[in-house]
Amino acid sequence: MSDAQTAGASLLAVSDLRTWFHTDQGVARAVDGVSFEVRGRETLGIVGESGCGKTVTSLSVLGLLPQPPAKIQEGSSIRFEGEELVGASTKRMRALRGNEISMIFQEPMSSLNPVYKVGDQIGEALRLHRGMNKRASRAEAVRLLTEVGIPEPDRRVDEYPHQLSGGMRQRVMIAMALSCEPQLLIADEPTTALDVTIQAQILELLASLRDSHGMAVLLITHDLGVVAEVCDRVVVMYAGQVVETGTVHEIFQDPQHPYTRGLLDSLPSVDDPGQRLRSIPGTVPNPIAWPHGCRFKDRCSLAGPGCEKPQDLVELGVDRAARCWRVES
Amino acid sequence: MTQYVLRRLLGAIPLVLGIATIIFFLVNLAPGDPTLLLLSPGVTDEVIQQMRENFGLDQPVHIRYVKWIGAMLTGDFGYSFTHSRPVADVLMDFLPNTLILSASALLVAFLFGIVLGTIQAVRQYSAMDSSLSVVLLFFYSMPSFWLALMLILTMSLYARNVWGLPIYFPASGMMSTDYEFLSAGGKLVDRVKHLVLPTLSLALVLMAGIARYMRGSMLEVVRQDFVRTAHAKGLPERTVVFKHALRNALLPIITLVGLYIPFLFSGTVFIETIFAWPGMGRLIVEAIFQRDYPVVMAGAFFFATMVVVANLVADLLYAVVDPRIRYE
Amino acid sequence: MDMKTLTEGRRMGRQLLFVGALTAMAACGSEPVQRPIPGVAFCQEVLPAVEAYVAQARQANPVPDDPRYGGTAVLGSIGELADGMNAAVSSDYSATQHQQFVNLMTLIDYDENLEPRPYLAERVEIAEDNTSVTFHLRQDVFWHDGEQTTADDVAFTYEVVTNPLTAFPNAAYWDRYVQGSEGVEIIDDFTVRIHMEPHAEFLDPFRSLGILPEHLLGDVPPQELKQHPFGTQCPVGNGPFVFYSHSAQDRWVFEANPAFPEALGGRPFLDRYIYRVIPEQTTLLTELLTQNIDVYSGVAPDQAQRILDDANTELVDFPSRQYVFVGWNARRLQLADPRVRRAIAMGTDRERIVEAILQGYGTVAHSSVPPFHWAFDEGRIETIEYDPEEAAALLEEAGWTDRDGDGVRENAEGVSLSISVKYNQGNQQRQDVAEIMQSQLADIGVEVQPQVVEWATLLQDINTPELRNFDGVVMGWVVEFKLDDMDLFHSDRIDQPFAWSGTENPAIDRLLVELGTAVDRNMARELWAEYQNVLIEEQPYLFFYFPSRLIGVSSRLENVTMDQRGVWLSARDWYIDPASR
């Protein structure tokens with residue numbers, strides 16, 4: 001069990017994060033002024049289509065982007081428990097990774113090293129951050145495997161990733177991430193590559209572990225269904241910017257931004273079988289050349305004259321905002 | 001796994017026999033005949049005939065074939081026409097010389113190739129990567145015999161006569177002429193000194209190829225998701241590269257090792273000629289020119305068998321190194 | 001005994017036996033064995049005896065107190081000593097020299113004027129009617145295993161080399177001797193008489209034939225001599241140097257013979273002499289210049305200057321007994337007419353070619369007689385000079401004109417004067433000869449096509465009487481001091497392997513026979529002049545050049561005399577300058 005995380009206290013504060021990529025074709029402004037906060041014991045979801053910058057945001061937190069070509073711009077701030085991470089030394093970042101902040105990824109098969117045993121990989125962070133020896137870390141790995149619901153953990157701990165199913169591998173990833181009792185777990189599309197039934201199991205597992213360990217979760221996904229399952233609050237991203245924030249309830253009941261509405265609209269509904277699926281017309285623009293003014297205007301059914309200038313986030317309440325001039329505060 | 005090995009070994013037998021047959025007919029049907037080389041004024045036809053009988057060449061080809069195969073299966077590789085000794089003895093004399101040189105060259109080439117390739121991949125696009133690329137391309141394009149001659153000129157001749165360096169290397173041979181009079185330590189040093197130039201001639205060219213291969217492999221591996229996971233766990237760069245990335249990047253290199261194992265036994269005739277190294281390459285080539293059939297056939301057969309064995313070893317190595325591969 | 005039995009009889013273990021032998025030797029309580037002993041039965045019997053004898057001889061003959069004694073001289077050369085010290089089967093230049101001057105002894109040798117003088121034989125008697133020669137042997141010569149050298153050895157050697165079963169490579173030497181055991185008579189232990197027909201230069205074969213030990217090889221069937229380990233694995237000689245070891249394609253090591261007769265100079269100055277096989281000329285030059293070897297035998301002409309420039313090396317050059325030629329197959333239509341062959345000679349600027357290919361280290365050849373030979377007299381032969389106009393005229397006269405304007409002459413039937421010239425792969429000089437000829441002869445309307453052929457295949461092409469698959473071939477030929485072109489040009493031997501030219505010229509036939517029997521050199525000179533002129537006129541070959549042999553010698557090696565008698569001529573007198581040790 002982690003030591004008492006004060007629910008509600010700011011754990012991760014991202015402020016005006018701009019992560020740009022310097023490519024031969026120009027500068028891609030993948031994340032272009034993103035701000036949000038993850039508080040203790042809460043689950044924050046970042047939602048958006050592919051290409052909106054959510055994954056880059058999550059990788060920026062842990063500094064996992066290769067510095068050329070990526071560069072976190074001056075003026076960006078990522079504070080973890082009050083400590084500034086942008087510009088922190090590599091040594092400090094390494095001390096945090098896998099320790100205070102852990103991350104799990106989308107493809108469990110390729111995210112695990114195929115030539116090392118599963119137990120070895122789980123125990124690695126333990127040996128690194130907690131100074132355990134081989135035997136102790138292996139024992140702990142067995143315990144963690146039990147915790148994430150893998151049967152016969154004594155056998156599994158000595159197996160290789162290719163011997164496990166997709167769902168089990170993701171459980172292993174989770175075990176690996178939890179091994180040092182992190183304060184914050186970043187989960188980048190953890191269920192996207194899994195079958196629907198397994199998805200549900202993994203989400204349940206995440207939720208229960210989050211509660212038992214008392215940690216915060218930053219969940220990246222494009223799937224609103226997932227958001228509905230596990231998140232407390234939501235940040236909607238589009239074209240490198242935050243376009244709406246709110247609680248899950250607020251977002252689902254009363255979406256303010258046309259993009260959020262579009263996303264919700266395109267969810268297939270059980271109640272309406274046979275109904276034609278609605279999609280948002282057009283595609284995400286090129287980050288090297290974001291459109292002028294509102295970046296969503298080319299796909300927005302409500303586009304109008306006010307969309308020509310760049311939109312600011314309009315505060316609608318506590319932790320509630322939307323980036324659209326049509327929204328009334 | 002044992003079953004797999006057994007099956008492979010059993011399958012190798014017809015393969016090797018087939019190779020032996022092809023070798024036999026290729027060699028014996030080629031124009032020219034060892035007795036031709038012994039022709040001199042006054043050597044009569046009868047004498048030539050007698051010689052051909054002595055060499056066993058008077059019998060028809062298919063009978064000779066059967067006899068040869070039969071002898072080989074009992075380990076009798078025949079008698080060398082030019083060395084006046086059993087072929088097996090001749091091979092055993094030359095083989096260790098080749099092994100020493102080839103093993104050194106392969107060791108140096110793989111060691112440095114892997115290290116340099118890794119450095120290049122980890123420091124991609126840096127000045128180190130670019131300059132190494134240039135240097136390695138230079139060595140890769142160079143014919144090994146030319147490199148050998150250049151090394152002799154610089155590290156033997158110029159080093160001693162022109163630059164007056166305290167250390168210079170002998171231009172040829174496996175050991176000095178006063179080898180027997182050296183102490184045990186002196187003998188070792190002498191052997192190593194004689195190994196340096198020929199090893200470098202072979203290794204530098206090989207190394208360049210291996211480095212390129214390794215660089216590519218590493219670059220691919222470094223992009224894999226599990227490398228990112230390793231970083232996300234807070235592991236230092238060193239561990240990520242050498243524990244997580246390297247082991248995966250080495251897998252295709254094993255193919256290379258398998259390809260090069262036969263080279264351990266075949267030697268390289270160019271390098272051996274330039275450095276007066278009495279190895280298998282020179283032995284077999286000389287035997288071909290002299291039409292010393294028993295040596296040529298035994299040498300070719302031995303070498304072909306080594307290739308078959310090397311392939312098996314490479315495949316087995318794969319299974320050892322990559323847990324995903326299991327043979328039934 | 002056939003080969004199979006031999007093989008089985010010799011099928012020994014490998015190094016294990018060697019180790020076993022070593023241990024056994026050591027256990028026998030004698031001195032620890034120094035020389036390596038090959039795992040062959042013959043060598044295992046023979047070499048320990050050599051070891052023992054040498055050790056004892058060292059005791060009995062301590063090294064004199066002279067600073068010149070001691071040290072090792074190393075000689076490097078491209079080729080291995082094929083067939084080693086087995087004088088009965090060896091024809092390799094370097095190998096025969098080692099037999100003559102290093103490991104074995106010959107009955108006589110030559111002085112600077114190419115006059116015979118005693119060596120193993122201390123006195124030579126020639127019968128009045130020139131039908132026999134009697135050799136009185138020295139009585140202080142011992143084989144390196146302790147047995148004394150006697151008339152038995154000479155008789156044995158003579159019988160072996162005249163026995164067709166042995167396949168002695170220079171059997172032509174013995175044409176006019178009485179063959180086999182009938183030709184040799186043992187008068188007493190140290191006197192042996194050989195019977196022959198009177199003929200020219202009859203002592204020459206005894207200058208080059210190394211005498212072999214009868215007590216070691218006497219029981220070997222002659223046809224098995226070629227494969228016998230005596231030659232390359234454990235030779236036992238009686239000469240100034242004792243065989244120590246041989247590693248194939250690598251080196252031969254010899255040590256000084258402590259019991260070599262005082263009258264002949266006694267123990268050589270050198271402690272050891274080593275022959276190293278280094279198959280690459282650049283490497284050889286480097287080893288010489290870095291003082292890793294003391295002698296480099298077979299320097300390439302373009303390396304000569306480096307050796308001259310270096311302060312620590314000297315260049316020795318002398319005319320060799322080898323000549324390079326282009327042999328014409330007169331059986332071919334285009335080459336049947338001697339005028340065509342003479343025209344080709346006139347159309348080739350041999351002086352310039354020699355200058356270019358050999359950098360001046362060689363002389364143009366006009367016939368098979370070397371310029372240094374007593375039979376050669378430039379004033380008396382009509383040499384063919386480079387004259388392309390004359391050549392063109394001669395071709396016209398022979399009926400070859402360029403009828404269709406393509407630059408190549410044809411005869412009346414329209415056959416082109418196009419000839420292929422073959423040369424063996426791996427010899428740059430011969431390739432150069434063929435290619436330069438091609439360009440020079442194009443000027444007079446003759447098309448030459450150089451063709452490279454692998455050595456053994458080339459031999460098959462030219463030697464097989466039914467084949468003679470060539471027009472012209474660039475070749476080399478080594479002559480002995482006893483010149484004999486019978487196998488080359490006599491029409492009786494036209495179907496023998498070496499009758500490449502297919503010559504049928506009665507004048508040549510007659511002269512060859514007469515020259516073979518002319519015992520007196522002065523009489524012979526007339527005949528030689530006539531022969532050379534006839535040969536030039538007949539042009540069975542385009543004789544090209546006699547290259548000089550170039551040797552690089554380190555200045556620390558003294559007493560080195562090298563000339564056409566041989567590179568190893570003075571090996572037993574070599575010593576290392578004490579100041580440089």
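# Chains A, B and C: where they meet

In this model, 20 residues of chain B are in contact with 26 residues of chain A. Keep in mind that the model is predicted. Chain B also touches chain C, through a contact that takes 54 residues from chain B and 56 residues from chain C. Here's a quick tour of both interfaces, and then of the nonpolar cores.

- Two elements of chain B, α8 (225-232) and α9 (237-249), each give two or more residues to the side that touches chain A, and α8(B) gives the most, with six residues.
- Sorted by class, that side of chain B has seven nonpolar, six polar and seven charged residues.

**Where chain C meets chain B**

- The area buried here is about 4,800 Å², with 57% coming from carbon and sulfur atoms.
- Two salt bridges are found across this interface. One of them joins C:Arg272 to B:Glu180, with the closest N and O atoms 3.4 Å apart.
- As for polar contacts, 17 residue pairs qualify, with both residues at pLDDT 80 or more.
- On chain C, the elements that give two or more residues to the side touching chain B are α1 (3-9), β10 (272-277), α8 (281-289) and α14 (455-463).
- Of the residues on that side, the largest share comes from α14(C), with six.
- The class breakdown for this side of chain C is 23 nonpolar, 20 polar and 13 charged residues.

**The nonpolar cores**

- The largest nonpolar core has 96 residues, and those with the most contacts inside it are A:Leu12, A:Phe36, A:Ile174, A:Leu184 and A:Leu218.
- Helix α7 of chain A (residues 166-178) supplies the largest share of this core, eight residues.
- Leaving out residues up to four places away in sequence, A:Leu218 touches several residues, including A:Leu12, A:Phe36, A:Val38, A:Leu184 and A:Ile186.
- A second, separate core has 86 residues, among them B:Ala109, B:Leu195, B:Ala298 and B:Met306.

Technical notes: Residues are numbered from 1 along each chain as its sequence is written. Chains are lettered from A and ligands numbered from 1 in the order in which they are written. This is a predicted model: local features need pLDDT of at least 70, side-chain atom pairs count only at pLDDT 80 or more; totals for chains, interfaces and linings use all residues. Side-chain values use heavy atoms; hydrogens and water are left out. Contact means heavy atoms within 4.5 Å. Buried area is the accessible area (1.4 Å probe) that two parts lose on being put together, summed over both. A salt bridge is a side-chain nitrogen of Lys or Arg within 4 Å of a carboxyl oxygen of Asp or Glu. A polar contact is a pair of N or O atoms within 3.5 Å; within protein, one must be able to donate a hydrogen and the other to accept it, and residues adjacent in sequence count only if both atoms are side-chain atoms. Helices (H or I, at least four residues) and strands (E, at least two) are DSSP runs, numbered from the N terminus. Ala, Val, Leu, Ile, Met, Phe, Trp, Tyr, Cys and Pro count as nonpolar, Asp, Glu, Lys and Arg as charged, and the others, Gly among them, as polar. A nonpolar core is a set of buried Ala, Val, Leu, Ile, Met, Phe, Trp, Tyr and Cys residues joined through side-chain atoms within 4.5 Å. Buried means under 20% relative accessible area, exposed over 50%, partly exposed in between (1.4 Å probe, protein chains only).
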